[in-house]
Amino acid sequence: MRHTVLTGDRPTGPLHLGHYFGTLANRVKLQHDHTMYVLVADYQVITDRDLPGEIQRNITGLLLDYLAIGLDPAKVTIFQHSAIPELNQLLLPFLSLVSMAELQRNPTVKDEIAHSSQKAVSGLMFTYPVHQAADILFCKGTLVPVGKDQGPHVEVTRLVARRFNERYAPVFPVPELLLGEAPVLRGLDGGKMSKSRGNAIPLSATADETAALIRKARTDSTRLITFDEVERPEVAGLLTMAGLCLGRSPVEIADEIGYGGAAQLKKTVTEAVNEFLAPIRRRRAGISETEAREVLRQGNAHAREQAILTLDEVRAAMGF
Ligand code: ATP
Ligand code: MG
C-alpha cells in the first residue's frame with residue numbers, strides 16, 4: 001500500500017538524537033516508496049511560550065537538519081503552517097467535533113503544561129492537538145511516524161476524521177501511528193530528550209560539543225554499570241543512546257563496561273554518538289542556507305495546492 005505520510009517538528013531549536021530515533025529515521029526510510037509531507041510547525045511554537053523567539057533562524061536550522069539526515073526534497077514536501085492559510089482554516093470545523101473534556105484530558109498536553117514556563121496556559125495549548133489533526137488530514141495522511149508523546153494527538157486526529165466522516169461525508173482516511181526504534185529517548189538528565197529542556201544532543205553539534213554535553217550528563221555513584229530503566233534511568237538513557245548509535249543492545253554494552261563506571265560509560269557513549277553523527281555533519285556542511293530556504297518555498301507552494309483542494313471538499317461536504 002502506498003501511504004501518505006505526514007510528520008513535523010516545531011522550530012523551537014535544533015533537532016536531536018531523540019528526534020532521529022523517534023521519527024526521523026522512519027522518514028528517511030519511508031520517503032522512497034510513499035508520498036511524504038514534513039511540516040515545520042511554526043504556529044505551534046507559541047503553544048508553550050509567549051513569543052516565537054528566533055523563529056527564522058530556527059526554521060533555517062530545521063531545514064538544514066532535514067537535508068543533512070538525508071530527506072530528499074525531490075521526494076518530500078517540506079512546508080510550514082504560516083504559509084498555508086487553508087490548512088489552518090480546517091481548525092474551525094474540526095474544533096466543533098471535539099468536546100472540552102476531551103481536550104482537557106490529553107496526557108501529553110498535561111505534561112507540556114507541567115514543563116511550560118508560562119504564567120497562564122493558553123487556549124492554543126489545549127487546541128493544538130486539533131490543529132495537528134488539520135496538519136495530518138489536509139493531505140489525507142494515512143501514516144504518522146512520530147515519538148510516543150504524539151500518541152494521544154494521533155488519537156485526536158483519528159477521532160476528528162471518524163466524526164467528520166460520520167457527520168458529513170466520508171472525506172478523510174483514519175491515519176495510523178508509526179513509532180520509531182526509540183519511542184521516548186531519554187536526554188542527558190534521564191528525562192525525555194527535548195529541545196526546550198536543555199538535555200539534548202543536537203544533530204548539528206560538533207564532536208567537541210557532543211563530548212562536552214555527555215561529560216555533563218547525569219549518572220549515579222554505582223560503579224558497576226547495569227541497564228536498569230527503572231532504578232537507573234540516567235545510566236539506562238546513556239546506554240540506550242550508545243546502543244542505538246552502534247546498532248547494538250544496551251545490555252551488552254553495559255556488560256562490556258562492567259566496573260568501568262561513569263567515566264568509561266561516557267567515553268563509550270561519546271565515541272558512539274560522534275561516529276554516528278559524522279556523516280550527518282559532513283552532509284550538513286555541503287548545504288547552503290539559501291538552498292534550504294528554496295526547498296521550503298517550493299514545498300509551501302505544493303502543500304498549499306493540496307490544502308485548497310481539501311478545504312473545498314470539506315466546505316462542500318458541510319454544505320457551505
Ligand atoms: P519541544 O521541547 O520544543 O517540544 P521536542 O524535542 O519535544 O521539542 P517536537 O518538535 O515537539 O520536539 O517533536 C517532534 C517529533 O519528535 C515528534 O514526533 C516527537 O514525538 C518526536 N520526539 C521528540 N522528542 C523525542 C524523544 N526524546 N524520543 C523520541 N521521539 C521524540
Ligand atoms: Mg515536544
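Author: In this predicted model, a residue counts as buried when its relative accessible area is under 20%, as exposed when that area is over 50%, and as partly exposed in between.

Reader: Why is Lys-140 called partly exposed?

Author: The relative accessible area of Lys-140 is 23%. Buried requires a value under 20% and exposed a value over 50%, so Lys-140, at 23%, is classed as partly exposed. Lys-140 belongs to the loop that connects helix 7 (123-137) with strand 4 (143-146).

Reader: What makes the phi value of Lys-140 worth a remark?

Author: The phi angle of Lys-140 is near 55°, which is a positive value in a residue other than glycine.

Reader: How do you know that Arg-57 is exposed?

Author: Arg-57 has a relative accessible area of 58%. The class of exposed residues begins over 50%, and therefore Arg-57 falls within it. Arg-57 is part of helix 2 (residues 55-69).

Reader: How far apart are Arg-57 and Leu-95 in sequence and in space?

Author: From C-alpha to C-alpha, Arg-57 and Leu-95 are separated by 31 Å in space, and they stand 38 residues apart in sequence.

Reader: What makes His-131 a buried residue?

Author: The relative accessible area of His-131 is 4%. His-131 is placed in helix 7.

Reader: Which residues is His-131 in contact with, beyond its neighbours within four places in sequence?

Author: A contact requires heavy atoms within 4.5 Å. With those sequence neighbours left aside, His-131 is in contact with Tyr-43, Gln-44, His-81, Leu-87, Asn-88 and Leu-91.

Reader: Why does Asn-26 count as buried?

Author: Asn-26 has a relative accessibility of 11%. The limit for buried is under 20%, so Asn-26 is assigned to that class. Asn-26 lies in helix 1 (residues 17-30). Apart from its neighbours within four places in sequence, Asn-26 is in contact with Pro-145, Leu-178, Leu-179 and Gly-180.

Reader: Why is Lys-195 called partly exposed?

Author: The relative accessibility of Lys-195 is 22%. Buried would require a value under 20%, and exposed one over 50%; Lys-195 is therefore partly exposed. Lys-195 is located in the loop between strand 5 (176-179) and helix 9 (207-215).

Reader: What makes the link between the side chains of Lys-195 and Thr-12 a polar contact?

Author: A polar contact is a pair of N or O atoms within 3.5 Å, and within protein one must be able to donate a hydrogen and the other to accept it. The side chains of Lys-195 and Thr-12 make such a contact at 3.1 Å. The side chain of Lys-195 also reaches the backbone oxygen of Arg-10, at 2.8 Å.

Reader: Where does Lys-195 stand relative to His-16?

Author: Lys-195 and His-16 are 179 residues apart in sequence and 7.3 Å apart in space, from one C-alpha to the other. Residues in contact with Lys-195, leaving aside its neighbours within four places in sequence, include His-16, Gly-13, Pro-14 and His-19.

Reader: Which residues are the closest to ligand 1?

Author: Ligand 1 is surrounded by 23 residues, and the closest are Thr-12, Asp-149, Lys-192, Lys-195 and Ser-196. Helix 1 contributes four residues, the largest share of this shell. Strand 1 (4-9) and helix 1 each supply at least two residues of the shell.

Reader: How do you know that polar atoms of the protein lie by those of ligand 1?

Author: The limit for a polar contact is 3.5 Å. A polar backbone atom of Gly-18 is 3.3 Å from a nitrogen atom of ligand 1, and a backbone N or O atom of Leu-185 is 2.8 Å from a nitrogen atom of the ligand. An N or O atom in the side chain of Lys-192 lies 2.7 Å from an oxygen atom of ligand 1. Taken alone, ligand 1 exposes 600 Å², and the protein buries 95% of that.

Reader: Where does ligand 1 sit?

Author: Ligand 1 sits in the largest pocket.

Definitions and conventions:
Residues are numbered from 1 along each chain as its sequence is written. Chains are lettered from A and ligands numbered from 1 in the order in which they are written. This is a predicted model: local features need pLDDT of at least 70, side-chain atom pairs count only at pLDDT 80 or more; totals for chains, interfaces and linings use all residues. Side-chain values use heavy atoms; hydrogens and water are left out. Buried means under 20% relative accessible area, exposed over 50%, partly exposed in between (1.4 Å probe, protein chains only). A residue is near a molecule or strand if one of its heavy atoms lies within 4 Å of it. Accessible areas come from the Shrake-Rupley method with a 1.4 Å probe; for residues, only the protein chains shown count as cover. On a 1 Å grid over the protein atoms alone, a cavity is a set of points where a 1.4 Å probe fits but cannot get out, and a pocket is an open set with protein on both sides within 12 Å along at least five of seven lines; lining residues have an atom within 4 Å of a point. A molecule sits in a cavity or pocket if more than half of its atoms lie within 2 Å of its grid points.
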